[in-house]
Amino acid sequence: MSLEGKHLSFGYRRKGKVLEGVSLTVAPGERVGLAGPSGQGKTTLCKLLSGYERPRRGEVLLDGRPLQAYRGLCPVQMLWQHPETAVDPLMKLGDTLREGGQVAEGLLEALHIQPAWLNRYPAEPSGGGLQRFCIARALRPGVRYLLCDESTAMLDLITQAQIWQFLLQWAEEHQLGLLIVSHNAALLERLCTRIEML
Amino acid sequence: MEPILEVKELSISFTQYSRGTMQTELPVIRSLSLTVAPGQVVAVVGSSGSGKSLLAHGILGILPYNSHRAGELFFLGQPLTQERMEQVRGKEMVLVPQGVTYLDPLMQVGPQLWKGSRDGTHRKRSRTALARYGLGEEVEGLYPFELSGGMARRVLIATAAMEQPRLVIADEPTPGLDARSARRVLGHFRELAEGGAGVLLITHDLELALTIAHRVAVFYAGETVEEAEASDFAEGRLRHPYTRALWNALPQNGFTPIPGTQPGPGEVGEGCPFAPRCPRQGPECLGKVPYMEWNGGRVRCLHPEGETV
């Protein structure tokens, strides 16, 4: 039972190499931190693990089965750095949310998302509000791993703490596995059960 | 020593059309006061949407046409009028903007540094400026898209350091950089300050600000709520409940959030904008709150922390 990236290699151009032979495992309920200088492929690794990109070599396994074998909504979801670029600006938030099917019960209340918001467009809520919306969108009933790529770097400290305290509690209750990418060493120290360098 | 920049009760508002031809005033910065002395790094810390970038644009006089500015600004002891802003900006007063998008994408770095002039002195100066930030001559021949995030940031600082500026305004200079590059970039600002310039660092990252700033001004919903020495934070000598909440939300401290969100422009009434989230608030907080000297710093609060010394 785990999300496993095995000997992953990837490059965006034919000759370019972003990742070479990288392996990483996240177990349910585990919180793994991923640190390292800019340009080392942290975001790329997240994209491979959540199925946005296919590795050139190596494989991504979920409970021993290749990630591609899962149909429907991917059980591995990503939480992006810039929430405003992760939603369709011309769709009302409610429609964006319904696109992915059912929302886990009590989630909207727990994230303080007011029902009135769902009738609005993404440009209206603040950055922190929109990131909370993206969390609600990602945490479907079947989702078991959440990859957070610098998800709170642009937010102020209080909003950051609000979001992480919520995610920690949710992860604990639902045995959600978290991969947390950040440049902030103190944040990783606080959040993670294990920290990997890339 | 005479301060380089003095901002007194600055407010900036925008005129917007609400319905048809009905116009409304939307205040974004309400009462902002701060002082930058020579050799000092002053950080303005506030969350996104609190109007931080507008402060920089207001000082440089590059606000959009539908904005309105009130309050007093002094640069080197003289009133800073729109006319004077246009004279000194780019020379004595420079901006280090947020990102590469402020560079011309169709122009090589070199010509942008020379500012249209191709004579020997400009070339020599740009080379020294680049070399100072660890960039070689070959960078002059690159286009902005060929620069990495850290390089672009150093090029932007080099454009600012080309002239001997008295005041450097840096707008969010660190997001997207890893901890080491961020510290290096901030080190460059500290160097500029050690050379006698004043540095105004605008950021949302309290932790990084504290590593280089001498003074910190905390900004909430368009107002400065506190001005403190950087050392006050580590020593626990804070004044405003919002500053306390920020400090407690740091991962290495309590990591405890307070509920609620910052009110947006136009949602703020007459009283303290932080009152709805404040543990120390009372009915008197709905009235006007003065900005006062308190415990070696300044605070805009009726119930600040700490005893007067």
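How are α4(A) and α5(A) oriented relative to each other? This briefing considers a predicted model, with attention to a pair of helices in chain A and a group of strands in chain B. The axes of α4(A) and α5(A) cross at roughly 15 degrees, and angles under 35 degrees count as roughly parallel; the two helices are therefore roughly parallel to each other.

**The helix pair in chain A**

- Two packed helices are described by the angle between their axes and the distance between the axes.
- Helix α4 of chain A covers residues 127-138, helix α5 of chain A covers residues 157-174, and their axes come within 10 Å.
- The crossing of these helices, α4(A) and α5(A), is right-handed.
- On the α4(A) side, the contact involves Gly128(A), Gln131(A), Arg132(A) and Ile135(A).
- These residues meet Thr159(A), Gln162(A), Ile163(A), Phe166(A) and Leu167(A) in α5(A).
- Sorted by class, the contact of α4(A) with α5(A) comprises four nonpolar, four polar and one charged residues.

**The strands in chain B**

- Strand β1 of chain B (residues 5-17) runs antiparallel to strand β4 of chain B (residues 67-75), and eight bridges join them.
- Leu5(B) stands opposite Phe75(B), which belongs to β4(B).
- Strand β5 of chain B (residues 78-79) also pairs with β4(B), in the antiparallel sense and over two bridges.
- Phe75(B) has Gln78(B) as its bridge partner in β5(B).

**The hairpin in chain B**

- β4(B) and β5(B) form a hairpin with two residues between the strands.
- In this hairpin, Leu76(B) takes a positive phi near 55 degrees.

Methods: Residues numbered from 1 in each chain as written. Chains lettered and ligands numbered in written order. Predicted model: local features only at pLDDT ≥ 70, side-chain atom pairs only at ≥ 80, totals over all residues. Heavy atoms only, no water. Pairing = 2+ DSSP bridges. Helix = DSSP H or I, 4+ residues; strand = E, 2+ residues; numbered from the N terminus. Axes fitted to C-alpha atoms, helices over the stretch in contact; angles between N-to-C directions. Parallel < 35°, antiparallel > 145°, perpendicular 65-115°, else oblique. Left-handed = near helix turned anticlockwise from the far one by under 90°. Contact = heavy atoms within 4.5 Å. Nonpolar A, V, L, I, M, F, W, Y, C, P; charged D, E, K, R; others polar.
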